[in-house]
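Grab your viewer and a pencil. Here are a few exercises to work through, each with its solution spelled out.

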Amino acid sequence: ACTTFCLSGPDSKIVAKSYDWEEAAGLVMVNKRGVRKVSLRASLWDKPAEWVSKHASLTFNQYGRELPNGGMNDSGLVVEIMWLDASRYPKRDQRTTVNELQWIQFMLDQFETIDEVAEHAQKIRVSPVTAKVHYLACDRSGECAAFEYLAGNLTLSRGNDVRALTNHTYEASTAYRREYQGFGGSKKTPHTPGSLDRFVRASLAVKAAPSKNEVERAFAVLADVGQGDLSKWN
C-alpha cells in the first residue's frame, strides 16, 4: 500500500509518506557525492546504467544500500515509491537499465528538478526484480509529478494538481476523486483504508489552508490515511 502527498505552505513545502508494508525493518542511509555506480542486472540481457553521484541524499532502505524505498537529496528533490498492480514495464530495448528501486537512487544522485527527472526517465529502462510500483517525485519549488509504467510505456502526470498518490493510477484516482465534495461531486469524504479513498482524503488535505505548523499537520494527515499496524514508517 502507501500514501504520499505534498503540502505547500507560504514558508515551507512538506512531502509526507505513510509506508504501509509487511516488513518494518529498515535503515536511513547517507548516500555521498562523487561515487561511481553501476546498476544491478535483473537479467542477462540488461545493459547496466553507469553514473557518478552529483548529489548527496538521505534515503530509507529495506533491501540494501543503493536500493531505496524513498528519499531526498541535497537539492530538495524527493522521490517516493508506492505499489501499483497496474504497472507493466517496457519490453527489452537498447536503453541502459535500472531496477525498480535503483530508479529512485539514480534520480536522487543526479538531478534537482522535475524537468530533469522527466527528461532522463525516458532515457533509461526499468528492468524489475519483483515489484509493480509507481513514483511521486517533488522538487524544492513544490512541483510534483507521478511516474507510472503502464502498458509498457512511461506515463507522466504533472502540474499544479499533482500533489498526492496512493495505489491506483493517477488517472483512475483523479476520476474517482471527481465524485466527491471539493472536487466537483456530491459524495461526502470517504473514510475506508482503500487506495482510492485514501487518495481523496490526502487530496483534501493538500487543498486545505496551510497551518502555522505544516509538519504537525502532515503527521495528522498521515494518521488519517494510515492503516493501523500495516503502517510501518511515517
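Take contacts (heavy atoms within 4.5 Å) in the protein chain between residues at least 6 apart in sequence: 65% of them join residues at least 24 apart. A quick word on ground rules: this is a predicted model, where local features need pLDDT of at least 70, side-chain atom pairs count only at pLDDT 80 or more, and totals for chains, interfaces and linings use all residues. Residues are numbered from 1 along each chain as its sequence is written, and side-chain values use heavy atoms, with hydrogens and water left out.

**Exercise 1.** Check the radius of gyration of the protein chain against that of a compact globule.

*Solution.* Start with the rule, 2.2 Å times the number of residues to the power 0.38, taken over C-alpha atoms. For 234 residues that lands near 17 Å, and the chain has 17 Å, so the two agree. Next, the C-alpha trace spans about 50 × 35 × 35 Å along its principal axes.

**Exercise 2.** Work out how Arg198 is placed and which polar partner its side chain has.

*Solution.* Third, look for a salt bridge (a side-chain nitrogen of Lys or Arg within 4 Å of a carboxyl oxygen of Asp or Glu): Arg198 has none, and the nearest side chain of opposite charge, Asp20, is 4.5 Å away.

Methods. Buried < 20%, exposed > 50% of the residue type's maximum accessible area, 1.4 Å probe, protein only. Lys, Arg positive; Asp, Glu negative; His and termini not counted. Polar contact = N/O pair within 3.5 Å; in protein donor to acceptor, adjacent residues only side chain to side chain.
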